[in-house]
Amino acid sequence: MVLFVPDLVCGRILQGFETGTLAGAVGAAMIDVNRPAGTLANAVTPPAGTAVGAMGSGLLVSTAP
């Protein structure tokens, strides 16, 4: 199967839209369920996820064939 750049760009746009929608909905649900813990989780999770993703990709680049 051959993918072209417009297909990849369209997929990336859809992925970003879906991720943003899901993150907002899950964050609101966590705050509704438990306000103090949900607020803390909403504050800590995005930077922690970014850090873990950066470390994981760096580890893969340095160790994967």
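Where does α2 bend, and by about how many degrees? Before I answer, let me say that what we are looking at is a predicted model, in which local features need pLDDT of at least 70 and side-chain atom pairs count only at pLDDT 80 or more, while totals for chains, interfaces and linings use all residues. Residues are numbered from 1 along each chain as its sequence is written, and side-chain values use heavy atoms, with hydrogens and water left out.

Now to the answer: α2 bends by about 35 degrees at Thr-45, and a proline, Pro-46, follows within four residues. The bend at a residue is the angle between two fitted axes, one for the seven residues ending there and one for the seven starting there.

Stepping back to the whole chain, the protein has two helices and zero strands, where helices (H or I, at least four residues) and strands (E, at least two) are DSSP runs numbered from the N terminus. Helix α2 covers residues 35–63, and at 1.5 Å a residue its 29 residues should span 42 Å, which agrees with the 41 Å between its end C-alpha atoms; the expected span is 1.5 Å times one less than the number of residues.

As for overall dimensions, the C-alpha trace spans about 45 × 30 × 15 Å along its principal axes. The protein has a radius of gyration of 16 Å, whereas a compact globule of 65 residues would have one near 11 Å; this radius is taken over C-alpha atoms, and the globule rule is 2.2 Å times the number of residues to the power 0.38.

Buried residues make up 3% of the 65 residues, where buried means under 20% relative accessible area, exposed means over 50%, and partly exposed lies in between (1.4 Å probe, protein chains only). Gly-38 is found in helix α2 and is buried, with a relative accessible area of 4%. Leu-40 also has its place in helix α2, but Leu-40 is exposed, at 56%. The C-alpha atoms of Leu-40 and Met-30 are separated by 9.8 Å, with the two residues 10 apart along the chain. Gly-38 and Val-5, in turn, are 33 residues apart in sequence and 39 Å apart in space, C-alpha to C-alpha.

Let me finish with the other helix, α1 (residues 5–33), where Ile-13 is found. Ile-13 is exposed, with a relative accessible area of 57%.
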